[in-house]
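Student: I have a chain open in the viewer and would like to go through it with you. Could we take it piece by piece?

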Amino acid sequence: MKNISSNFFENNNIFKNHLLRRVSVLLVITMLVLTISHVYNIKNLEAQAQALHEKETRSKEIYVDGEFIGELRNEENFDEVVFEIKENLQFKEGMDVKILNDIDIVDSHAEDGELTGKISILNKFRGKLKYDVVAYGIEVDGEIIGELPSKEMAEQLIEDIKAPYYEMTKNSDDVEIELAQEVNIKEIQAHKDDLNNYNELLYYIQKGTTVEKTHVVENGENSWTIASKYGISVSELISANPDVNINLIHPGDELSLIVPKPYIGIRTKEVAVYEQKVSYETEYEKVSWLYNDEYQTKRNGEYGVVEVKAEIIKENGVEISRNVIEESTIEEPVAEVLYNGVKEPPPKKGTGYFNNPLPTGYISSRYGPRWSGFHHGIDIASSTGTPIKAADGGVVIYAGWYGDYGYLVEIDHGGGFTTRYAHCNQLYVSVGEKVYQGKTIATVGNTGYSTGPHVHFEVRKYGTTMNPSAYIGTQYN
Ligand SMILES: [Zn+2]
């Protein structure tokens with residue numbers, strides 16, 4: 001037993017020493033680990049603190065047009081500054097603005113105490129502020145011709161340009177009013193001083209420019225109707241046609257026009273209903289008592305009336321097309337009926353023999369002295385409109401108004417003889433015209449110095465009056 005126990009003891013000692021050594025090693029390792037981890041932990045905390053600080057001091061440097069104006073904690077702070085400046089500016093200008101300054105925002109770091117105050121940065125920015133207003137341009141065929149402060153005003157302008165055309169077409173149906181040009185309202189940047197005055201811009205657009213045009217005169221037109229058709233005055237029409245006597249224009253004549261062309265034209269389409277005259281036909285009735293180149297009215301023609309429904313297209317108030325949709329007769333025209341002779345007329349020259357120019361009339365005053373002075377012809381009375389015949393053939397040397405004579409015709413018969421026919425109502429011949437004996441040259445009237453319808457008939461030999469009664473029915477030449 002003793003042996004075993006001593007042995008055991010010995011063995012146990014060995015074991016003890018061995019264990020102690022191992023524990024020590026372990027301890028040392030543990031301590032080492034702990035130390036390392038501690039150092040590591042401290043370092044880690046420091047890094048964390050640094051990172052936190054970095055984050056907390058992040059800031060933004062603000063540069064306006066390349067110049068530093070302050071430092072703020074974040075971009076949102078600067079957005080507030082910009083917003084406030086813009087608000088104040090828009091309030092002051094009464095319209096939208098666009099800030100033009102070049103703004104740079106640069107990342108940086110700063111402690112709270114190093115940051116710029118809001119008031120300070122506001123003032124610095126205001127000191128450098130550059131801006132345009134946001135305006136609305138009137139763009140016509142791709143070109144801005146005016147600028148207004150708001151979209152509403154620009155839209156109102158377009159309406160005001162159209163307005164007169166609503167008035168002009170108010171009596172028509174299915175009216176369409178559209179702009180003749182491509183017009184857009186465009187948001188633009190503008191200097192406030194460059195904006196247009198509303199009324200001035202409206203006037204400028206409506207007045208526009210002028211263009212040259214040619215008008216071919218149509219039946220029934222005169223200088224006044226032509227001028228008003230193009231919205232110009234008669235004097236403007238005259239000055240555009242210096243070589244034309246504007247009072248003597250005929251269908252087919254060409255006139256120059258300088259007409260206004262507004263910058264924004266208006267095209268109107270309307271359906272109009274109106275009454276229109278319809279011309280009448282002329283019918284002829286052959287009679288034996290007239291020559292074949294003579295006519296006399298049996299019945300006057302009467303114009304008919306139709307109601308027309310038409311689509312009319314105008315540009316700037318000037319008609320450019322008319323398309324008749326419907327026509328209904330209100331009154332049929334009544335044909336004019338004319339008597340026309342069958343007799344071949346005699347040669348257009350003097351026969352040397354005078355006939356009575358108004359055989360159906362009666363002599364109301366003879367040739368010779370009267371209480372009022374010498375009477376140089378005979379007066380043959382008849383009702384107004386009765387045909388006056390040439391006493392003999394010859395050449396018309398006067399046809400027109402002649403003072404106390406009223407409407408007068410004078411015919412040269414050759415051999416120094418002329419005849420005069422005065423106080424006429426209508427003249428059928430003109431100067432230079434050759435007439436035959438018995439030709440209707442005029443109708444009885446009461447023009448000039450006259451107290452009732454009659455023809456004052458004179459016979460003159462080399463300009464001196466002779467007694468017509470002595471010549472009627474005689475061979476004078
Ligand atoms: Zn007389």
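Student: Is strand β24 mostly buried or mostly exposed?

Tutor: This is a predicted model, and in it 7 of the 8 residues of strand β24 (residues 417-424) are buried, so the strand is largely enclosed by the rest of the structure.

Student: Which strands pair with β24?

Tutor: Strand β23 (residues 407-414) pairs with β24 in the antiparallel sense over 6 bridges. Strand β27 (residues 454-461) also pairs with β24 in the antiparallel sense, over 6 bridges.

Student: How many residues lie between the strands in the hairpin of β23 and β24?

Tutor: There are 2 residues between them, and in this hairpin Gly-415 takes a positive phi near 65°.

Student: Where else is phi positive, in a residue other than glycine?

Tutor: Asp-65 is one case, with phi near 50°, and Asn-316 is another, with phi near 55°. Asp-65 lies in the loop between β1 (58-64) and β2 (67-72), while Asn-316 lies in the loop between β14 and β15.

Student: Is each of them buried or exposed, Asp-65 and Asn-316?

Tutor: Asp-65 is exposed, because 12 other C-beta atoms lie within 10 Å and the class takes 12 or fewer.

Student: Changing topic: what is the strand order in the open sheet of 4 strands?

Tutor: The order is β7-β11-β14-β15, with antiparallel pairing. Its edge strands are β7 (173-179) and β15 (318-331), each of which pairs on one side only. On average, neighbouring strands of the sheet are turned by 25° against each other, direction ignored.

Student: How many bridges join β11 and β14?

Tutor: β11 and strand β14 (residues 304-315) pair over 12 bridges, in the antiparallel sense. Thr-268, for instance, stands opposite Lys-314 in β14.

Student: Which strands of the sheet does α4 touch?

Tutor: α4 packs on the sheet and touches β7 and β11; the direction of α4 makes about 15° with that of β11.

Student: Which residues of α4 are buried, and what do they pack against?

Tutor: The buried residues of α4 are Ala-154, Leu-157 and Ile-161. They pack against β5 (131-140), β6 (143-148), β8 (183-190), α5 (198-207) and β11 (266-278).

Student: What span should α4 have, and where does it bend?

Tutor: At 1.5 Å a residue, the 18 residues of α4 (residues 151-168) should span 26 Å, and the end C-alpha atoms are 27 Å apart, which agrees. The helix bends by about 35° at Lys-162, and a proline, Pro-164, follows within four residues.

Student: Last topic: how far apart are the C-alpha centres of domain 2 and domain 3?

Tutor: The two centres lie 38 Å apart. In the domain assignment, domain 2 covers 59-129 and domain 3 covers 136-208.

Student: What about Lys-130: where is its place, and is it buried or exposed?

Tutor: Lys-130 is in the loop between α3 (118-128) and β5. It counts as exposed, with 10 C-beta neighbours inside 10 Å.

Student: Which residues does Lys-130 touch?

Tutor: Leaving aside residues up to four places away in sequence, Lys-130 touches Leu-100 and Asn-101. Ile-119 is 11 residues from Lys-130 in sequence and 19 Å from it in space, C-alpha to C-alpha.

Methods
Residues numbered from 1 in each chain as written. Predicted model: local features only at pLDDT ≥ 70, side-chain atom pairs only at ≥ 80, totals over all residues. Expected span 1.5 Å × (residues − 1). Bend = angle between axes of the 7 residues up to and from the residue. Buried ≥ 20, exposed ≤ 12 C-beta atoms within 10 Å, placed from the backbone. Contact = placed C-beta atoms within 7 Å. Pairing = 2+ DSSP bridges. Axes fitted to C-alpha atoms, helices over the stretch in contact; angles between N-to-C directions. Domains from an automatic or database assignment.
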